[in-house]
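My entries follow the model shown here.

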Amino acid sequence: MNKDFMTFSPNKFPTITKRVILCIILSGVFICSLVFATSYMSFNRHFRMQYDSNISEICAAARECLNPDDFQLYAATLQADEEYESVLKILQDFVDKFELNLIYVSMVEPPDYTHITYIYDPVRQDGKWSPYPLGYQEDYFEPNYNASTKRVFEEGASIVRHTIKTRSGSHITAQLPVYNTEGKIIAVIGAQKNIQEFVNARRSFLTYGILTVIIFATLFIIFFSIYFNLRFIKPIMQITHETNRFASRHRKPSTKLLSLTNRDEIGTLAYSVYRMEDTISANIKSLKNMTTETALSLATAIDAKDTCTHGHSIRAATYARRIARAARKTEAECNNIYLAALLHDVGKIGIPDNLINKRGNLTEEEFEILKTHTLIGKQILQNITEVPVIADGAYYHHERFDGQGYPNGLAGTDIPEIARIITVADAYDAMTSKRSYRTPYTQDIVRSEFEKGRGTQFDPTFTDIILKMIDEDKDYKMRELE
């Protein structure tokens with residue numbers, strides 16, 4: 001049998017509770033993390049889609065005000081006419097109204113699309129950059145820009161690029177092709193907007209999201225821990241504790257099992273355990289009664305062999321149990337002592353009746369024969385392996401505390417405790433019972449005999465107990481047992 005189960009303690013933090021709480025914590029963290037990750041990806045996707053759509057629409061609207069057929073002339077003459085200034089003002093209004101970093105319209109030469117000629121370049125007036133003048137040229141090498149510009153010119157693609165955490169900040173750029181009246185792509189228009197607020201919003205979402213996850217996970221863990229504890233762990237532990245208590249003490253089943261309100265398999269289990277314990281308890285009680293009744297019958301048969309000591313075994317057993325209880329023995333120990341005292345003279349079955357009932361003094365040879373009743377009793381009772389102390393009671397009850405007894409001449413605490421108790425109880429009944437050859441001793445004589453035998457014939461501890469019982473029995477009624 002599992003050793004841990006045998007040593008189960010209801011005060012110990014249950015292993016099943018640890019495992020359930022661990023599962024709840026892992027589940028809570030997993031669920032909350034999954035919800036957070038899904039929410040973050042959704043937030044990020046929708047925010048970017050909103051920015052992409054917004055900057056693309058602004059760029060497309062700005063393209064509508066251009067006159068592409070004049071771009072070649074502007075680039076060749078570097079002269080801005082009235083129409084040019086009008087378009088530049090409109091583009092500048094776009095920059096200011098939509099808080100853009102800049103809008104640029106440029107012609108970029110293949111095949112690498114690195115040489116740029118700027119037609120328009122309005123920038124935010126409070127920004128860090130100065131606008132390029134009409135016709136300004138530069139060679140610009142930046143892989144993402146060059147690649148996206150190539151696609152605009154060669155494929156007519158509309159491009160949206162996100163540039164995060166650069167020296168100029170985080171921004172988003174839309175690039176659209178600009179067509180002349182012949183449908184030929186002759187330039188690219190780009191609109192750039194700072195998206196630091198998007199970066200900040202994402203950072204805030206992460207901060208508050210993580211905080212929310214922690215709070216939600218904590219509440220989840222607390223709620224489900226309490227729920228599982230009340231609905232599952234506590235009932236299971238109560239059933240476990242009750243079965244352990246019943247198995248170790250063989251007491252009556254606890255009605256606490258019937259107080260469980262679970263209307264599920266656990267409630268059914270609790271009721272089944274209660275019924276099982278009730279049945280076992282009844283069977284144990286029946287077996288104990290049968291054992292006691294059998295021992296009483298055997299004790300009666302033993303006493304019947306001795307015409308002078310009728311009822312001696314039952315009375316001695318009763319006194320022995322009282323002494324054991326006064327010595328604070330457990331109820332189980334008291335019952336074992338009672339049974340052992342009932343059967344302490346069982347060995348007399350093997351002694352001839354004429355020897356047991358002889359009125360005169362026994363010869364030395366006869367006394368030796370009589371002494372064998374302790375060995376015979378041990379041989380009869382040693383087969384009772386569940387309670388081996390019963391055989392000890394029969395074998396050692398004639399030992400003396402000073403070592404002058406029989407059969408082995410044991411002394412002091414070498415004599416089994418059960419035998420030392422029976423010796424005192426046996427002597428008390430012998431002195432207080434009526435015999436054919438004498439009347440019961442007076443209480444004073446009985447007390448005097450025990451005082452004289454304390455530490456010699458009798459164990460001092462149990463002698464003190466019987467002396468106290470005698471002192472409390474002022475009317476000398478303790479001996480009046482049926």
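**Ground rules.** I worked from a predicted model, in which local features need pLDDT of at least 70, side-chain atom pairs count only at pLDDT 80 or more, and totals for chains, interfaces and linings use all residues. Residues are numbered from 1 along each chain as its sequence is written, and side-chain values use heavy atoms, with hydrogens and water left out.

**Whole chain.** I looked up the secondary structure and found 16 helices and six strands. Helices (H or I, at least four residues) and strands (E, at least two) are DSSP runs, numbered from the N terminus. Next came burial: 41% of the 482 residues count as buried. Buried is under 20% relative accessible area, exposed is over 50%, and partly exposed lies in between (1.4 Å probe, protein chains only). Then I checked contacts (heavy atoms within 4.5 Å). Among those between residues at least 6 apart in sequence, 61% join residues at least 24 apart.

**Strand β1.** I asked which strands pair with β1. Strands pair if DSSP finds at least two bridges between them. β1 (residues 102-109) runs antiparallel to β6 (residues 185-194), with five bridges. β1 is also antiparallel to β2 (residues 115-120), again over five bridges. Val105 has a partner on each side: Tyr120 in β2 and Ile189 in β6. Ile103 faces Ala191 of β6. The β1-β2 hairpin has five residues between its strands, and there Tyr113 takes a positive phi near 55 degrees.

I then looked at burial of these strands. Seven of the eight residues of β1 are buried, so the rest of the structure largely encloses β1. For β6, nine of the 10 residues are buried, so β6 too is largely enclosed.

**Helix α13.** How many residues of α13 are buried? Six of the eight in α13 (residues 389-396) are, so the rest of the structure largely encloses this helix. They are Ile390, Ala391, Gly393, Ala394, Tyr395 and Tyr396. Their cover includes α9, α12 (373-381) and α14.

**α9 on α14.** Two packed helices are described by the angle between their axes and the distance between the axes. Axes are lines fitted to C-alpha atoms, for helices over the stretch in contact, and angles run from 0 to 180 degrees between N-to-C directions. For α9 (residues 331-342) and α14 (residues 417-432) I read about 60 degrees, with the axes 10 Å apart. That makes α9 oblique to α14. Angles under 35 degrees count as roughly parallel, over 145 as roughly antiparallel, 65 to 115 as roughly perpendicular, and the rest as oblique. From α9, Asn336, Ile337, Ala340 and Ala341 make the contact; from α14, Ile418, Ile421 and Ile422 do. I sorted the residues of this contact: six nonpolar, one polar and no charged. Ala, Val, Leu, Ile, Met, Phe, Trp, Tyr, Cys and Pro count as nonpolar, Asp, Glu, Lys and Arg as charged, and the others, Gly among them, as polar.

**α8 on α14.** α8 (residues 312-326) packs on α14 at about 130 degrees, with the axes 8 Å apart. The two are therefore oblique to each other. Their crossing is right-handed. On α8 I listed His312, Arg315, Ala316, Tyr319, Ala320 and Ile323; they meet Ile421, Val424, Ala425, Asp426, Tyr428, Asp429 and Thr432 of α14. This contact divides into eight nonpolar, two polar and three charged residues.

Notes:
A crossing is left-handed if the near helix is turned anticlockwise from the far one by less than a right angle, and right-handed if clockwise.
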